[in-house]
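Subject: Structure for your review

Dear colleague,

Please find below the structure that I am handing over to you. My findings follow directly after it, and I would be grateful if you read them with the structure open.

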Amino acid sequence: MPALLNPVLNLLLLRGTVTATEPITPRTRRLRIEGEELVGLDVRPGRQVRVLVGPGLTRRTYSIWHYEPTGALELCVLDHPDAGPGARWGRAAQVGDQVQFGRPEGSFVLRPEAAHHVFVGEETASAAFGPMLAALPEGAGISGCVETGTAADRLPLRHADRLDWTLRGTVSLPEAVRRLAPEPGGIAYVAGEARTVQEVRRVLVRETGWDRRAVLTKPFWAPGKRGME
């Protein structure tokens with residue numbers, strides 16, 4: 001990174017230190033980051049941070065898995081065979097590493113006032129769903145479909161038993177949503193691969209009768225596209 005950029009980045013970005021790492025599935029690593037600059041941030045369930053993960057200004061977006069207002073947050077980083085800069089960063093991160101990232105952002109957040117909540121996505125979406133589900137009480141209306149490569153890839157989510165889990169290559173997420181047929185009137189959170197997100201939204205709006213404004217979407221990635229945010 002050019003030295004001239006450092007003072008500018010220090011003004012624009014938050015800085016923290018990796019204080020713990022832990023595999024929570026065979027392919028997902030939890031990173032805990034702490035620092036004085038992380039105290040009192042505006043974090044709502046589902047928000048993300050954009051992390052500097054490589055040379056220059058290479059950034060990747062990660063949902064905040066857990067946040068403590070005293071100055072700590074946790075991210076879940078998915079590893080995969082065709083690892084890009086984000087996956088490589090998450091794989092190599094060690095306790096003591098310095099991390100820089102933007103302030104929490106994004107409108108893909110929990111709407112706690114909704115009559116019921118529908119969650120649809122795969123491994124990359126699960127990290128966003130985790131804090132949303134953790135914030136919902138036992139009596140909340142919850143349903144959804146979550147796809148993973150293997151059963152071992154399932155993140156430890158609260159209310160996991162109220163979701164339909166599928167394995168990749170069996171039932172597609174759009175078809176799983178058709179089978180679930182959630183009643184309109186709540187909020188749907190749809191995240192993951194861009195084209196699948198579009199197809200699921202189409203099923204909910206055109207086939208199931210959902211109001212388009214009640215379907216929140218977050219395309220985290222697309223095949224062949226690097227750095228999609």
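In this predicted model, 5 strands make up an open sheet with parallel pairing, and their order is β9-β8-β7-β10-β11. The edges are formed by β9 (164–167) and β11 (215–221), each of which pairs on one side only. From one strand to the next, the twist averages 10°.

Within this sheet, strand β7 (residues 116–121) runs parallel to strand β8 (residues 141–148), and 6 bridges join the two.

Two helices should be noted alongside the strands. Helix α4 packs on the sheet and touches β7, β8 and β9, its direction making about 155° with that of β8. Helix α5 (residues 194–207) also packs on the sheet, where it touches β7, β10 (187–193) and β11; the direction of α5 makes about 155° with that of β10.

I turn now to the salt bridges, of which the model has 16. One of them joins the side chains of Glu74 and Arg30, at 3.0 Å from N to O. This pair links distant parts of the chain, as Glu74 belongs to strand β5 (residues 72–78) and Arg30 to strand β2 (residues 28–34), 44 residues apart. Are these two residues, Glu74 and Arg30, buried or exposed? Both are buried.

A further salt bridge connects Asp42 with Arg47, their closest N and O atoms lying 3.3 Å apart. Asp42 has a relative accessibility of 48% and therefore counts as partly exposed. Arg47, by contrast, has a relative accessible area of 11%, so it is buried, the cut-off for this class being under 20%.

Helix α4 (residues 173–180) contains both Glu175 and Arg178, which are 3 residues apart, about one turn of the helix. Their side chains meet in a salt bridge, with 3.5 Å from N to O. Glu175 counts as partly exposed because its relative accessibility is 29%, and Arg178 is likewise partly exposed, at 37%. Elsewhere, salt bridges with shared partners join Glu22, Arg30, Arg32, Glu34, Glu68 and Glu74 into one network.

With kind regards

How values were computed: Residues numbered from 1 in each chain as written. Predicted model: local features only at pLDDT ≥ 70, side-chain atom pairs only at ≥ 80, totals over all residues. Heavy atoms only, no water. Salt bridge = Lys/Arg side-chain N within 4 Å of Asp/Glu carboxyl O. Helix = DSSP H or I, 4+ residues; strand = E, 2+ residues; numbered from the N terminus. Buried < 20%, exposed > 50% of the residue type's maximum accessible area, 1.4 Å probe, protein only. Pairing = 2+ DSSP bridges. Axes fitted to C-alpha atoms, helices over the stretch in contact; angles between N-to-C directions. Contact = heavy atoms within 4.5 Å.
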